[in-house]
Amino acid sequence: MKAIRAWLLLFTIGLVLSGVTAFPLVTEMRLLSELIHTVPAPEAVIVWVDRVRDGLVATDANYPFVAYGTDWLAFAHLVIAMAFWGPWRDPVRNLWVIEWGMICCVAIIPLALIAGPVRHLPWGWTVIDMSFGVLGVVPLIMARRLVERLPTAHP
C-alpha cells in the first residue's frame with residue numbers, strides 16, 4: 001500500500017502543480033522570459049517564449065476574460081487530482097480511476113498532435129505537451145501493477 005500511495009502521490013502532485021501554475025500565466029511567462037535571456041538558450045526558444053509572453057500580456061491587458069479559460073483548465077487539474085483520493089483510500093475498489101487516468105494520459109498524445117499544428121505551435125512545444133502524458137502514465141502504470149498484486153485484487 002505504501003508504494004501504491006507513493007506513486008499516486010507523485011501523480012497527484014504533478015496534477016496539482018500543473019493546475020496551480022495555469023493561474024498566473026502572465027507572471028510566469030514574464031519570469032521565464034527574463035530567465036531565458038540570462039542563460040544560453042537556442043534563439044528559436046527565446047523567440048517563442050517572448051512571443052508567448054507578449055501574447056499573454058496583450059491579451060491580459062485588452063481581454064482579461066480570456067484567462068478565465070485557463071482558470072477552468074487549472075480547476076480541472078485540481079478536480080482530477082481529487083478523483084485520486086478514491087484509489088488512495090481503496091486502490092482495489094477504485095482501480096478504474098487509475099485506469100481512467102492512464103487513458104487520459106494516452107489521450108494527451110493525439111490532442112497535442114492535432115491541436116498543436118492547428119494552433120500553430122512549434123513542434124518542440126507539442127513534444128513537451130506530449131511528454132506530460134508519457135511521464136504522467138508512468139506512476140499510474142506502476143500503481144496499477146502494484147494494485148494487481150494485492151491479494152484482494154480482481155483480474
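Buried means under 20% relative accessible area, exposed means over 50%, and partly exposed lies in between, with a 1.4 Å probe and protein chains only. These legends describe a predicted model, in which local features need pLDDT of at least 70 and side-chain atom pairs count only at pLDDT 80 or more, while totals for chains, interfaces and linings use all residues. Residues are numbered from 1 along each chain as its sequence is written, and side-chain values use heavy atoms, with hydrogens and water left out.

View 1. D50 is found in helix 3, which covers residues 43-62; helices (H or I, at least four residues) are DSSP runs numbered from the N terminus. With a relative accessible area of 14%, D50 is buried. When its neighbours within four places in sequence are left aside, D50 is in contact with S33 and H37, where contact means heavy atoms within 4.5 Å.

**View 2. The salt bridge between D50 and R53.** A salt bridge here is a side-chain nitrogen of Lys or Arg within 4 Å of a carboxyl oxygen of Asp or Glu, and by this rule the count comes to 4 salt bridges. One of them joins the side chains of D50 and R53, at 3.4 Å from N to O. Because D50 and R53 are 3 residues apart in helix 3, about one helical turn separates them. R53 is partly exposed, at a relative accessible area of 22%, whereas D50 is buried.

**View 3. The salt bridge between E99 and R144.** The side chains of E99 and R144 meet in a salt bridge, with 2.9 Å from N to O. E99 lies in helix 6 (residues 95-118) and R144 in helix 7 (residues 123-149), so the pair ties together parts that are 45 residues apart in sequence. E99 is partly exposed, with a relative accessible area of 26%, and R144 also counts as partly exposed, at 25% relative accessibility.

**View 4. The network of D50, R53 and D54.** Salt bridges that share partners join D50, R53 and D54 into one network. Within this group, the side chains of D54 and R53 meet in a salt bridge at 2.7 Å from N to O, and the side chain of R53 also meets that of D50 in a salt bridge. D54 is partly exposed, with a relative accessible area of 42%.

How values were computed. Helices (H or I, at least four residues) and strands (E, at least two) are DSSP runs, numbered from the N terminus.
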